[in-house]
Amino acid sequence: MLDSLMLAFQSIFASGLVLASLYVLMAAGLALVWNTLGIFNFTHGALMAAAAYVAWTVADPRGLDMGLAMGVIAAILVSAVLGFLINYLLVAPFLGQKQIVLIAVMTTLSGAFFIENSALLLWGPRIKQLDKFVDGSVRIAGTTISGHEAIIILLAPLLMLGLWAFLRFTWTGSAIRAVAQNREFAELSGIRVQRMYAIAFAIAAALAGLSGIMLGAIRFITPGLGGEPLLKALIVVILGGLGSMPGTVLGAYLVGFGEATSTYFLGAYWTQAVLFLVFIGFLALRPNGLFGKP
Amino acid sequence: MEKKLRPTAIAAFFAILVVLPLVNDDSYIRHISIIAIMYAVLGSSWNITLGYGGVFNFAHMAFFAVGAYATGILTKTFGFSPWFGLPIGITASVVASVLVCLPVLRLKGVYVILVTFAFGQLCLQIVLNQRELTGGNFGLVSIPPLEIGTFSFRDYQNIGYYYLSLAILALTVAAVSWFSRSRFGWRVVALRDNEAYAVSRGVPLSRIRLLTFAFSAIFPGAIGAVYAQYVRSASPDMFGFSFLTLALSMLLLGGTGSVWGPVAGAFVFTILSEVMAPLGPGRYLITAVLIVLILRFFPKGLAGIPSLVAQQVRAARKPKPAAEAA
């Protein structure tokens with residue numbers, strides 16, 4: 001009895017940690033755009049897929065065959081540029097309109113639609129997969145996970161620390177936070193608001209690209225690669241409370257471990273339903289999330 | 001001028017739709033018209049919560065799917081008469097709308113989008129789970145069609161379904177135009193425009209919002225039931241992103257907050273996407289670009305174009321003041 005419980009705990013811990021770290025990566029970019037611009041970026045999932053395709057094309061022997069490292073760099077650059085373009089074409093022209101929340105949903109949904117179908121046209125319907133970053137496996141807490149998954153687990157907190165340090169200690173980071181807190185005042189102190197928006201968007205897109213590459217080695221690459229994870233990332237951001245980065249991280253680990261627990265005891269099929277139900281119920285009780293301000 | 005034209009235009013619009021099957025029995029055109037009519041019903045009823053209510057309700061297409069699934073399951077698996085399809089669909093859809101409205105009562109803005117969207121995903125997951133009942137991924141097939149004696153609604157190129165959908169569209173448009181002029185509708189708009197003031201003047205927010213949701217869900221439930229009986233299946237796609245995006249763009253492009261905007265949007269967009277069908281996946285790219293361009297340059301949608309044109313004409317006619325030229 002105790003043994004089986006221990007076993008359950010170990011496998012939940014390992015898979016929960018992997019999921020949670022992936023959600024941290026995805027939710028960080030989403031939260032950054034939300035905090036700064038006050039909109040939800042629905043292209044996040046499509047950017048993940050696009051980055052995975054680019055990485056595959058550059059790295060794979062059937063593509064340009066330039067190695068995984070080049071693939072990763074190219075993919076992150078491409079997604080940052082795409083993020084910049086998305087902001088320039090789909091978000092910036094609409095800022096300041098009364099219905100911006102709804103309009104941004106529509107324009108970014110259209111953008112996602114555009115990117116996903118372009119990927120389908122460019123790369124065809126055949127599924128692809130990236131190589132794992134490292135071979136081999138690691139033992140943690142009594143269970144074995146792949147080296148690739150171990151990298152994800154380490155990468156997530158490191159990147160969050162990096163993002164935090166960037167926002168805290170660099171001039172650009174402070175400017176982005178200033179714009180997020182009070183747009184007019186930031187503008188008055190000489191900060192170029194539009195430029196900060198563009199930078200925040202590009203960083204968020206680069207983060208989306210990175211999580212897309214990570215995911216592309218675990219799952220098959222399809223145009224819809226980011227669709228379902230995007231929904232999870234949305235839940236994470238809301239659960240943590242909009243506007244709060246620590247809340248986002250906590251939310252990611254809660255959702256990751258919750259999902260792993262539910263998958264272990266209820267099976268993969270029920271987990272999604274349970275997750276959405278708990279999410280809706282939670283919001284009914286705490287409309288502002290864990291750390292969100294009203 | 002616009003006011004006088006309107007009744008004539010409405011009469012002409014419905015007259016064309018009523019006469020169309022008599023002059024044309026091409027099955028492809030029949031199918032497209034039925035789909036356009038159904039989208040028009042969905043768009044105009046969605047307009048009640050989204051346009052007049054100002055509530056970012058993303059569950060509207062889920063109400064449609066719930067209506068279709070409830071009808072399919074009860075008539076196929078549990079042997080209810082297909083004639084109960086409509087009441088079953090409406091009931092299921094209204095119940096679903098009340099369920100989703102309860103957590104939404106306390107929420108605002110983007111939170112509403114996410115909860116209502118999550119509700120659709122929740123329904124989808126349940127549908128995928130209950131494979132014995134819903135057919136899971138493959139959808140629910142061979143739903144019994146409507147018949148009167150030996151006449152099936154499928155006969156003569158689905159003429160029965162055509163007129164049934166058209167009748168539902170007429171009722172929907174009538175209901176929305178009643179709504180936009182009723183005391184109920186005014187209260188909804190008052191809550192949208194200035195919630196604090198409306199509440200302080202004694203408009204009961206929770207009750208009105210629940211009523212708005214339930215009222216708007218009648219129509220997708222009805223058309224969902226008819227859709228299930230028309231295509232004789234219900235599929236998990238009905239809860240999906242692309243369906244939602246398409247219907248939402250029809251609504252936004254047609255123009256929210258006006259009775260005729262969503263209807264025009266549905267017809268224009270259905271025909272447009274059929275015209276572009278030979279382009280394959282490329283048409284989705286064009287659609288996406290079109291949505292963004294229209295949102296950018298015609299923020300009020302198709303319904304706003306006549307007044308925009310009128311404004312331009314008036315501006316062109318009026319001689320420019322000399323001071324401005326200098």
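Biologist: Which loop is S142(B) found in?

Modeller: S142(B) sits in the loop between β1 (140–141) and β2 (147–148) of chain B. Keep in mind that this is a predicted model.

Biologist: And what is phi there, for S142(B)?

Modeller: Phi of S142(B) is near 45°, a positive value, and this residue is not a glycine. Most residues other than glycine have a negative phi.

Biologist: OK, over to chain A. Where is D65(A) found?

Modeller: D65(A) is in a loop of chain A, the one between α2 (44–59) and α3. Phi of D65(A) is positive too, near 55°, again in a residue other than glycine.

Biologist: Changing topic to the interface. How many residues does the contact take from chain A and from chain B?

Modeller: Chain A gives 36 residues to the contact and chain B gives 37 residues.

Biologist: What area is buried between chain A and chain B?

Modeller: About 3800 Å² is buried between the two chains, and carbon and sulfur atoms give 81% of that. The size of an interface is often given as the accessible area lost when the parts come together.

Biologist: How many salt bridges are there between chain A and chain B?

Modeller: The count is 0 salt bridges between chain A and chain B.

Biologist: Which elements give two or more residues to the side of chain A that touches chain B?

Modeller: On chain A they are α3 (68–91), α4 (100–123), α9 and α11. The largest share, 12 residues, comes from α4(A).

Biologist: How does that side of chain A divide by class?

Modeller: The side of chain A that touches chain B has 30 nonpolar residues, 6 polar and no charged ones.

Biologist: Now the holes. How many cavities of 30 Å³ or more does a search of the whole structure find?

Modeller: The search finds 4 cavities of 30 Å³ or more.

Biologist: What lines the largest cavity?

Modeller: Chain B residues, including F58(B), M61(B), F117(B), Q121(B), M238(B) and L244(B). The elements that give two or more residues to this lining are α3 (60–77) and α5 (109–129) of chain B. α5(B) supplies the largest share, 3 residues. By class, the lining of the largest cavity has 8 nonpolar, 3 polar and no charged residues.

Biologist: And the second largest cavity, what is that lined by?

Modeller: Residues from both chains: L231(A), L234(A), I235(A), F276(A) and F279(A), together with L114(B), F117(B) and A118(B). At least two lining residues each come from α9 (227–240) and α11 (268–285) of chain A and from α5 of chain B.

Biologist: How many of those are nonpolar, polar or charged?

Modeller: The lining of the second largest cavity has 8 nonpolar residues, no polar and no charged. F117(B) is in this lining, and F117(B) is also in the lining of the largest cavity.

Conventions. Residues are numbered from 1 along each chain as its sequence is written. Chains are lettered from A and ligands numbered from 1 in the order in which they are written. This is a predicted model: local features need pLDDT of at least 70, side-chain atom pairs count only at pLDDT 80 or more; totals for chains, interfaces and linings use all residues. Side-chain values use heavy atoms; hydrogens and water are left out. On a 1 Å grid over the protein atoms alone, a cavity is a set of points where a 1.4 Å probe fits but cannot get out, and a pocket is an open set with protein on both sides within 12 Å along at least five of seven lines; lining residues have an atom within 4 Å of a point. Grid points are joined across faces, edges and corners, and a volume is the space filled by probe spheres set on the points. Helices (H or I, at least four residues) and strands (E, at least two) are DSSP runs, numbered from the N terminus. Ala, Val, Leu, Ile, Met, Phe, Trp, Tyr, Cys and Pro count as nonpolar, Asp, Glu, Lys and Arg as charged, and the others, Gly among them, as polar. Contact means heavy atoms within 4.5 Å. Buried area is the accessible area (1.4 Å probe) that two parts lose on being put together, summed over both. A salt bridge is a side-chain nitrogen of Lys or Arg within 4 Å of a carboxyl oxygen of Asp or Glu.
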